[in-house]
Amino acid sequence: MIFFIRDTLGVGPANSVFTAIFFALALVLMLPLHLFKRLYMPNVILFNLGLGFLLLTLYYFFFMNAAGKSVADIGNYVFTFGFIILLMHVPNDVKDTLIMVFFLFSFFTNITLVYSLLTDPNWQPGMRAAVSFANEGAQPGGNPHITARNGVMCLLSAIMMLGTTKGLFTRLFLFFSILFGLGVVVISLAKSSYLGLGIAATAYFIFRFKFSDLASAVSNAFKFRNMIFIIIVLVAINYFLSRYGDIWGLLLNYWDVFEARIMDVVFTSTGVKLSDTADVDYSAMGRVSGFGEFMETLFSWDVFLGRGYKSDYLDVPLLEAWVSHGVFGFLFFAGFNFFLLVFSIREVRRNTNPLASFLAFFFLSMMVLLATGGRPYDIAFWFPYCVMIRFLGIRYLDSYKPSPVVRSLKPVTT
């Protein structure tokens, strides 16, 4: 949404200053009347590990830093710490409405993306979908990973709401939103989001799917109300494909491009050429060279304390946490993500509430990024992480209740 307002509508300066103002305004709107008077319990394990990693990297930022203390880095820490502190003031009952807020914002942002593409003279069908940055010297084509992640949010939040919605037209709208979000993910051509959705779907079928649910869904499909819903969906899809058949072909073309890029990654990483057209993927090549930097660090004295804040850009956050911040940085960051995985799988199995389920599947979808892109202290990681610390794996928020223990009473004899 920031990119749409800043770069497409041209409101405000096309630089990081506008982004910082936008973030600051969001934090101001979060300020409660009971500041530091009433705090709510987060997930203690995630809170301790996450805060430990942030404080450790903040120490490195001030005292073991050869990269320089940029204003952007200071802003990242200010906004991250400010966000997590204010989240501790958010009341528990927000779990019942926050999933709807996620959906509405992500759906609206998907619409702004479509508007941005239609008004961008440099964008053509077949190119990666993203809002083009307006500032001079910016990367061409914008950032498709942010676009894809927003599509994933729209898709997952709509699925969570679909399971608790009974209105026919509301269900139709949510079903359309799921397809809309999936379409945004497809045209973004972000390999990490493709793989992330695959991981989330696999987790669902392993830990939650039951054949009894399939039999129940088939029987419910023949109910009058559900049959009307299915018929309307099929008619709408048939009408859409008959009128805009070239869009289906375009989506298939995007899949072919994605498949070719996967072959390039395999060829770059392993040297195995699975297709005649496979070529070197320079993005994957950067990560391969980053692994070499990690191995060099592993067999040097830097393995204990690391090389310092942002010493090397590996594009693999898990490895960079070790290379830059040593074994303790790696243990904090890897341990944090390991317990996030544990709590996410537990939530997928139990399905305690829609918000926690959404956060669990969203983490599974973004888990690929830990090995494929970014830095361990990026806001793109820590804003979602902060919300997960506050609302994921917290028993007093869960609707899940263990079975009561039944004790048999023995008759009293005299």
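**Close-up 1. Leu39 and the residues it touches.** Leaving aside residues up to four places away in sequence, Leu39 touches Met88 and His89. Keep in mind that this is a predicted model. Where does Leu39 sit? You'll find Leu39 in the loop between α2 (16-30) and α3 (44-63). Leu39 has 53% relative accessibility, and the cut-off for exposed is over 50%, so Leu39 counts as exposed. Now look across to Leu87: Leu39 and Leu87 are 48 residues apart in sequence, yet their C-alpha atoms are 8.9 Å apart in space.

**Close-up 2. Helices α5 and α15 crossing.** Here α5 (residues 98-118) meets α15 (residues 354-366), with axes that come within 8 Å and cross at roughly 50°. That angle is why the two helices, α5 and α15, count as oblique to each other. On the α5 side, the contact is made by Leu98, Ile99 and Phe102, while α15 brings in Pro354, Leu355 and Phe358. What kinds of residues make up the contact of α5 with α15: nonpolar, polar or charged? The tally is six nonpolar, no polar and no charged.

**Close-up 3. Helix α17, mostly covered.** This helix runs over residues 379-391, and its 13 residues reach 18 Å from the first C-alpha to the last, close to the 18 Å expected at 1.5 Å a residue. How many of the 13 residues of α17 are buried? Eleven of them are, so to speak, tucked under cover. Among the buried ones in α17 are Trp382, Tyr385, Met388 and Arg390.

Note on methods: Residues numbered from 1 in each chain as written. Predicted model: local features only at pLDDT ≥ 70, side-chain atom pairs only at ≥ 80, totals over all residues. Heavy atoms only, no water. Helix = DSSP H or I, 4+ residues; strand = E, 2+ residues; numbered from the N terminus. Expected span 1.5 Å × (residues − 1). Buried < 20%, exposed > 50% of the residue type's maximum accessible area, 1.4 Å probe, protein only. Axes fitted to C-alpha atoms, helices over the stretch in contact; angles between N-to-C directions. Parallel < 35°, antiparallel > 145°, perpendicular 65-115°, else oblique. Contact = heavy atoms within 4.5 Å. Nonpolar A, V, L, I, M, F, W, Y, C, P; charged D, E, K, R; others polar.
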